[in-house]
There are 2 protein chains.
Amino acid sequence: MPKRVDHARRRDEIALVACRAIAQHGFARATVAQIARAAGYTTGMVAYYFDSKQEIILAALRLILKRMDQRLQRAPGAARAGLLDVLSEALPIDGHRRTECAFWTAFWGQLAADPQLKRLNAWVHREYRKLFERCLAEQWPESLAWPTAVRQQALRSLIAFMNGVTTSAVSSPRDWPARTQVRQLDLHLTLLRDWARSASRQSLME
Amino acid sequence: MPKRVDHARRRDEIALVACRAIAQHGFARATVAQIARAAGYTTGMVAYYFDSKQEIILAALRLILKRMDQRLQRAPGAARAGLLDVLSEALPIDGHRRTECAFWTAFWGQLAADPQLKRLNAWVHREYRKLFERCLAEQWPESLAWPTAVRQQALRSLIAFMNGVTTSAVSSPRDWPARTQVRQLDLHLTLLRDWARSASRQSLME
């Protein structure tokens with residue numbers, strides 16, 4: 001009986017290896033041959049699943065967004081502690097997440113130089129934003145009652161801060177141990193929620 | 001009479017062109033020959049000033065830190081509005097600064113893949129941090145009276161936020177016009193100072 005191959009799973013597997021290769025060697029230096037070798041496949045086998053390196057990168061981006069989404073959904077809920085736990089899942093707090101975050105940092109760093117990636121980023125950026133938006137709505141349901149402007153500003157501040165901790169911790173890991181990342185995020189969330197509440201109250205009184 | 005050449009100035013000139021080339025083409029693709037061409041010199045002439053691409057990158061990093069420092073010093077002082085003005089100088093709010101910030105983003109994105117840059121970053125990171133520390137001390141002199149832990153946490157939060165706005169605005173410029181960047185920074189500074197003041201008062205009462 002011939003072996004059944006789960007193609008979707010194999011694609012994901014290659015995409016995951018690509019993510020690791022890019023995190024480690026950068027976008028320019030990670031080649032299809034290298035990704036194939038690291039995945040334990042021939043270059044021809046990888047070519048069966050993906051037409052180009054660009055396509056592998058797209059698959060890696062999709063996969064990382066999916067995994068972030070799953071992790072953000074799974075984490076325990078309720079109140080501020082909930083949002084902190086959930087968002088910490090997306091920070092480079094362990095080896096696994098450091099790889100994903102190094103991939104993000106490499107991706108952002110490559111955008112100015114790569115018009116194809118830049119086009120891709122329009123979609124990536126939207127999905128990334130939606131992911132955090134959903135998180136905020138689920139973990140801070142009160143935020144749904146905030147005026148749109150307040151909610152949008154809080155969301156933007158949150159994403160900027162997450163990106164900043166990600167970049168800082170990936171580029172200077174010794175200076176940003178997991179505890180420090182979570183502590184900084186905790187402070188940011190606390191300040192942001194207090195501000196949003198008071199800004200919402202104020203806009204109600206106007 | 002032979003033409004006098006200002007070597008230091010020429011080195012700076014090449015470093016600046018390198019910064020632009022890297023911002024535009026990325027670390028891997030910007031070559032010494034390309035940098036030379038963009039600067040209007042021969043590759044041999046560039047080789048007279050720098051032994052390697054690595055050395056050009058180091059010179060570019062030094063130059064950008066120096067320029068940031070000069071801009072941060074020059075900006076008008078006093079109170080919170082002062083710090084906002086000063087720090088806005090380091091954000092990608094115009095073409096010139098976008099180039100420098102795209103260079104930073106490319107640099108951070110390349111660190112995981114490049115052991116030589118990683119070593120360099122130990123020094124860069126220290127200088128970068130000192131620069132913001134000086135800014136904070138000058139623009140918010142009250143911060144010198146805050147307990148060290150509070151001051152350090154505020155400094156770290158500030159740097160993370162600056163890095164986050166930089167990365168976000170470089171990767172999604174349409175979503176981050178100058179006004180939005182400054183507005184977000186303004187909110188972050190306000191929240192951070194209020195927090196630091198109240199945390200300092202609390203630690204005095206303990």
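**Entry 1: Ile93(A)**

I looked up Ile93(A) and found it in the loop between helix H5 (79–88) and helix H6 (95–111) of chain A. Helices here are DSSP runs of H or I with at least four residues, and strands are runs of E with at least two, numbered from the N terminus. I noted that this is a predicted model, in which local features need pLDDT of at least 70 and side-chain atom pairs count only at pLDDT 80 or more, while totals for chains, interfaces and linings use all residues. Residues are numbered from 1 along each chain as its sequence is written, and chains are lettered from A and ligands numbered from 1 in the order in which they are written.

Is Ile93(A) buried or exposed? Ile93(A) counts as buried, because it has 20 C-beta neighbours inside 10 Å. The cut-offs are 20 or more other C-beta atoms within 10 Å for buried, 12 or fewer for exposed, and partly exposed in between, with C-beta atoms placed from the backbone.

Next I listed its contacts, meaning C-beta atoms, placed from the backbone, within 7 Å. Leaving aside neighbours within four places in sequence, Ile93(A) is in contact with Ser88(A), Ala178(A), Gln181(A) and Val182(A). I also checked Pro173(A), which lies 80 residues from Ile93(A) along the chain. Their C-alpha atoms are separated by 9.6 Å.

**Entry 2: two helices of chain A**

I moved on to H6(A). It has 17 residues and reaches 24 Å from its first C-alpha to its last, close to the 24 Å expected. The expected span is 1.5 Å times one less than the number of residues. Of the 17 residues of H6(A), 13 are buried, so this helix is largely enclosed by the rest of the structure.

Then I took H7(A), residues 115–139. Its 25 residues should span 36 Å, and its end C-alpha atoms are 36 Å apart, which agrees. Where does H7(A) bend? I found a bend of about 35 degrees at Asn121(A). That is the angle between axes fitted to the seven residues ending there and the seven starting there. The buried residues of H7(A) include Leu117(A), Val124(A) and Tyr128(A).

**Entry 3: chain A as a whole**

I counted nine helices and zero strands in chain A. The C-alpha trace spans about 70 × 40 × 30 Å along its principal axes. Buried residues make up 40% of the 206 residues. Among contacts between residues at least 6 apart in sequence, 66% join residues at least 24 apart.

**Entry 4: the two copies**

I laid chain B on chain A. A turn of 180 degrees and a shift of 0.0 Å along the axis give an RMSD of 0.0 Å. The two copies are thus related as by a two-fold rotation axis. The superposition is by least squares on the C-alpha atoms of residues with pLDDT of at least 70 in both copies. Gly164(B) comes closest to the axis of the residues of chain B, at 1.7 Å (C-alpha).

Definitions and conventions:
Contact = placed C-beta atoms within 7 Å.
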